[in-house]
Amino acid sequence: MAEVGPVSLDSKKSQAAKQEKLREEAQYEKERGNAFVRQDKLDEAISCYSRAIELVKDDAIYFANRGLCYLKKDSLHQAETDCSEAIRLDPTYVKAFQRRATARERLGSLRAASQDLNEVLKLEPHNLAAKRQLETIKIRMGTKGLKSKCSPSSTPTIENNPMIKPKPKLQPKIIELPDEPAKTELSPLDKWREGIGERITVITPVNKPPHLRSKRPLKSIAIQEIPLSELSPKRPATRMKIIEIENNLERGDTNNNDSNKTGDAEMVDNKGKGDSSPESVKLITDIRVNEKRDCVKNMTPPLTSVQFMAEWKYLKGNDAARSDYLSVIDPSKIPTIFENALESDVLSDVLRILHQYTDKFKEKTVSAYLRGLCTVKRFSALAMFLSSSDKQVLTNLLQHCKTAENASDDEIQDLKNKYEI
């Protein structure tokens, strides 16, 4: 009988090189699978992880990642099997326990799922996601106990009435990414995500049994719009000066001429203070109107709808100032400014001011503004809500365009079609 000699060193080296080559190929397949998961291509990802498992059978990450894909596809039994294999290879694999707990919870094995979560908390006592999931499972287990002990037999519930078809329970969408090797140093974005991770709350549907639900009728709540200024604790600063003006004639102080100079007037909160005579109120109103007009002179054309609406609301009640503000806007820029944010009430105000102050738009022409407005996105929906008074204003504007601006009949007809007149 021939003697069997010792294994040569060359054969050991070749075997180690072969294993290293297999691990490199498996790692490549795993990275491809991770990329497919991010693209939500789960079948392709499962194929990659399966090839990685065929190449290297003792890596827990490959089984756990494939289990995650099965979990996303609601293949719960296969997900549980893969996570169990990952736990067998690595008994400290926290994510494998969590994924198996999720699969078991969906399968209805609440006790087994709670055991997995208890293992997670042993390994990571501060894992808030596991704590929340465990509390949810305990509530469900308690609810089941109430159903079995407290529910009356005469009450027709979904569980004991075969004629009632139960509604499928909504499952939260899984957005977990596959496991990858730990990074030695976190990027600033990863550090920010780690910082807010504990504040992410998972909202789960509440399913009460019929006999525990409230019997009170639903209460209707009226919905009303609240101005933004009432929601903010501090009122934003405006350009309007609040000036207290004293009526010197009534007080008998006829020699103090400095009090009539608006430049020396004191900016105060005149709520409940100062003179409220008609003369002083009119003077305050004139000052505010003049301030708005002076402000319009220094205004630049808006670039966005947010800028336009801020100035437009500030000039509310002063149509002359609003007309001045419109006159600084290039009509061809209107579609770019509003995009799809033009509102029906703003459109009505703009048409009314164009009709009221046609003389201010001789250079840029009213027809140019009308063309700019009707080329805003979703304008056809706005045209449907034009009132009869708005359409009458439009008719007058189109007549002005034809007589004063010499607009062609084709242009007038096109505008009529756009504004549905």
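Modeller: Let's start with the residues that touch: from helix 5, Val94, Phe97, Gln98, Arg100, Ala101, Arg104 and Glu105 meet Leu110, Ala112, Ala113, Asp116, Leu117, Glu119, Val120 and Leu123 of helix 6. Contact here means heavy atoms within 4.5 Å. Sorted by type, the residues of this contact come out as nine nonpolar, one polar and five charged. For that sorting, Ala, Val, Leu, Ile, Met, Phe, Trp, Tyr, Cys and Pro count as nonpolar, Asp, Glu, Lys and Arg as charged, and the others, Gly among them, as polar.

A quick word on what you're looking at: this is a predicted model, where local features need pLDDT of at least 70 and side-chain atom pairs count only at pLDDT 80 or more, while totals for chains, interfaces and linings use all residues. Residues are numbered from 1 along each chain as its sequence is written, and side-chain values use heavy atoms, with hydrogens and water left out.

Back to our pair. The axes are lines fitted to C-alpha atoms, for helices over the stretch in contact, and the angles run from 0 to 180 degrees between N-to-C directions.

Now look at helix 3 (residues 60-72) and helix 4 (residues 76-89), which pack at about 160° with axes 8 Å apart. Helix 3 is therefore roughly antiparallel to helix 4, and it passes helix 4 in a left-handed crossing. Among the residues making this contact are Phe63 and Tyr70 of helix 3, along with Asp82 and Leu89 of helix 4. The residues of that contact divide into nine nonpolar, two polar and three charged.

Stepping back, the chain has 19 helices and zero strands. Both are DSSP runs numbered from the N terminus: helices are H or I with at least four residues, strands E with at least two. Of the contacts with a separation of 6 or more, 67% link residues 24 or more positions apart. Gln19, in helix 1 (residues 9-38), gives you a pair to look at: Gln19 and Val56 are 37 residues apart in sequence but 8.6 Å apart in space, C-alpha to C-alpha.

As for burial, 31% of the 421 residues are buried. Buried means under 20% relative accessible area, exposed over 50%, and partly exposed in between (1.4 Å probe, protein chains only). Gln19 is partly exposed at 38%, whereas Cys83 is buried at 0%, and Cys401 is buried at 0% too. The disulfide count is zero, taking a disulfide as a pair of cysteine sulfur atoms within 2.5 Å.

Last stop, the loops. Most residues other than glycine have a negative phi. Asp40, though not a glycine, has a positive phi of about 65°; Asp40 sits in the loop between helix 1 and helix 2 (42-55) and is exposed at 53%. Asn406 has a positive phi near 55°, lies in the loop between helix 18 (388-403) and helix 19 (409-418), and counts as exposed at 65%.

Technical notes
Angles under 35 degrees count as roughly parallel, over 145 as roughly antiparallel, 65 to 115 as roughly perpendicular and the rest as oblique. A crossing is left-handed if the near helix is turned anticlockwise from the far one by less than a right angle, and right-handed if clockwise.
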